[in-house]
Amino acid sequence: MAEGKGTRIKKNIPDQAILSRRKTEEGITQGRITVNGRLAQTGQAIDPRRDVVTLDGNRVRFQKKKHNVYLMLNKPRGYVTTTSDEMGRRCVADLVENAPERVYPIGRLDRNSEGLLLFTNDGAFANAIMHPSNGITKTYRVTARPGITDEQAAMLAAGIELDGKKTLPATVLVLEKQEGRVVLQITISEGRNRQIRRMCEAVGLEVARLKRTAEGPLKLGMLPPGQWRELRPAELIALRNAIKKPAKG
């Protein structure tokens with residue numbers, strides 16, 4: 001391949017964790033590396049998709065380098081937040097199987113809940129989003145029965161004791177009120193198991209529908225149920241910036 005095209009061989013081979021850059025350069029000098037049947041040259045550029053490269057007579061198989069993927073799914077009701085299920089239930093992994101890399105859900109939504117669910121193959125990012133100390137909020141649209149009093153709303157906002165520990169303060173807004181039905185917007189900054197449902201049950205409300213509409217600065221928007229899209233660069237930056245930085249001593 002002509003000089004200046006593609007990327008240099010001394011970068012491609014180290015990227016595959018076969019040899020270090022120094023060892024690659026030594027291999028070229030020692031005549032151990034060939035490109036399309038000819039001895040490789042220092043500084044030579046190759047196209048890993050087309051050129052045949054050998055090291056000590058063995059072909060180097062260039063693998064596509066994995067890149068981090070960050071996406072959101074509008075999870076429909078009826079799907080469990082797992083990559084597989086022994087009971088044969090529908091899994092959210094089925095909805096993102098055509099993503100560019102294999103990705104995993106960040107946190108969870110229970111089977112009967114819907115809405116915004118993040119996925120990634122970046123473990124450090126997932127842990128940062130999920131850890132309660134980092135303060136990433138989650139906002140839900142909650143349809144409940146029969147209705148809500150000011151006292152019940154105040155109790156939800158102040159915190160409810162679950163499993164012997166009080167939940168962190170929440171923001172509770174009444175969006176709609178009808179006979180025997182209320183629509184709330186509840187924002188929390190932690191993610192205990194079935195937390196919103198259990199908080200509502202504790203004050204005498206029955207949740208009929210639960211939809212996550214936002215996570216930190218990220219909003220679900222008009223993404224159709226069952227569909228996913230990759231996060232935009234600005235959304236990813238905003239989400240990273242929303243993670244609380246540790247205080248300096």
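Tutor: Accessible areas here come from the Shrake-Rupley method with a 1.4 Å probe. The model is a predicted one. By that method the chain exposes about 14400 Å².

Student: Which elements of secondary structure does the chain hold?

Tutor: The chain comes to six helices and 17 strands.

Student: Why is the chain called more spread out than a compact globule?

Tutor: The globule rule gives 18 Å for 249 residues, whereas the radius of gyration is 26 Å, well over that value, so the chain is more spread out than a compact globule. Along the principal axes, the C-alpha atoms fill a box of roughly 80 × 50 × 30 Å.

Student: What part of the contacts joins residues at least 24 apart?

Tutor: Among contacts between residues at least 6 apart in sequence, the part is 64%.

Student: How many positive and negative side chains are there?

Tutor: There are 44 positive and 27 negative side chains. The centres of these two sets lie 4 Å apart.

Student: Why is Thr 34 called buried?

Tutor: Buried means under 20% relative accessible area. Thr 34 has 17% relative accessibility, and therefore counts as buried. Thr 34 is found in strand E2, residues 33–35.

Student: What makes the pair of Thr 34 and Thr 54 a polar contact?

Tutor: A polar contact requires a pair of N or O atoms within 3.5 Å, one able to donate a hydrogen and the other to accept it. The contact between the side chains of Thr 34 and Thr 54 is 2.3 Å. Leaving aside neighbours within four places in sequence, Thr 34 is also in contact with residues including Leu 39, Ala 40 and Val 52.

Student: Why is Val 52 called partly exposed?

Tutor: Partly exposed lies between the 20% limit for buried and the 50% limit for exposed. The relative accessible area of Val 52 is 31%, so Val 52 is partly exposed. Val 52 lies in the loop between strand E4 (45–46) and strand E5 (53–55). Not counting residues up to four places away, Val 52 touches Thr 34, Val 35, Asn 36 and Arg 59.

Student: What is the phi of Asn 36?

Tutor: Phi of Asn 36 is near 55°, a positive value in a residue other than glycine. Most residues other than glycine have a negative phi. Asn 36 is found in the loop between E2 and strand E3 (38–39). At 41% relative accessibility, Asn 36 counts as partly exposed.

Student: Why is Asp 163 called exposed?

Tutor: Exposed means over 50% relative accessible area. Asp 163 has 67% relative accessibility and so counts as exposed. Asp 163 also has a positive phi of about 55°, although it is not a glycine. The place of Asp 163 is in the loop between strand E11 (161–162) and strand E12 (165–166).

Student: Which side chain does that of Arg 198 meet in a polar contact?

Tutor: The side chain of Arg 198 makes a polar contact of 2.8 Å with the side chain of Asp 163. Arg 198 is found in helix H5 (residues 195–202). At 18% relative accessibility, Arg 198 counts as buried, because buried means under 20%.

Student: How do you know whether Leu 231 is buried or exposed?

Tutor: Its relative accessible area is 12%, so Leu 231 is buried. Leu 231 is placed in the loop between strand E17 (228–230) and helix H6 (233–242). Leu 231 and Tyr 70 are 161 residues apart along the chain, and their C-alpha atoms are separated by 5.8 Å. Tyr 70 is one of the residues in contact with Leu 231; among the others are Leu 118 and Leu 218.

Student: Which kind of peptide bond, cis or trans, runs from Arg 145 to Pro 146?

Tutor: That bond from Arg 145 to Pro 146 is cis, with omega near 0°. Most peptide bonds are trans. Pro 146 is found in the loop between strand E10 (138–145) and helix H4 (150–158).

Methods: Residues numbered from 1 in each chain as written. Predicted model: local features only at pLDDT ≥ 70, side-chain atom pairs only at ≥ 80, totals over all residues. Heavy atoms only, no water. Helix = DSSP H or I, 4+ residues; strand = E, 2+ residues; numbered from the N terminus. Rg over C-alpha atoms; globule rule 2.2 N^0.38 Å. Contact = heavy atoms within 4.5 Å. Lys, Arg positive; Asp, Glu negative; His and termini not counted. Charge placed at Lys NZ, Arg CZ, Asp CG, Glu CD. Buried < 20%, exposed > 50% of the residue type's maximum accessible area, 1.4 Å probe, protein only.
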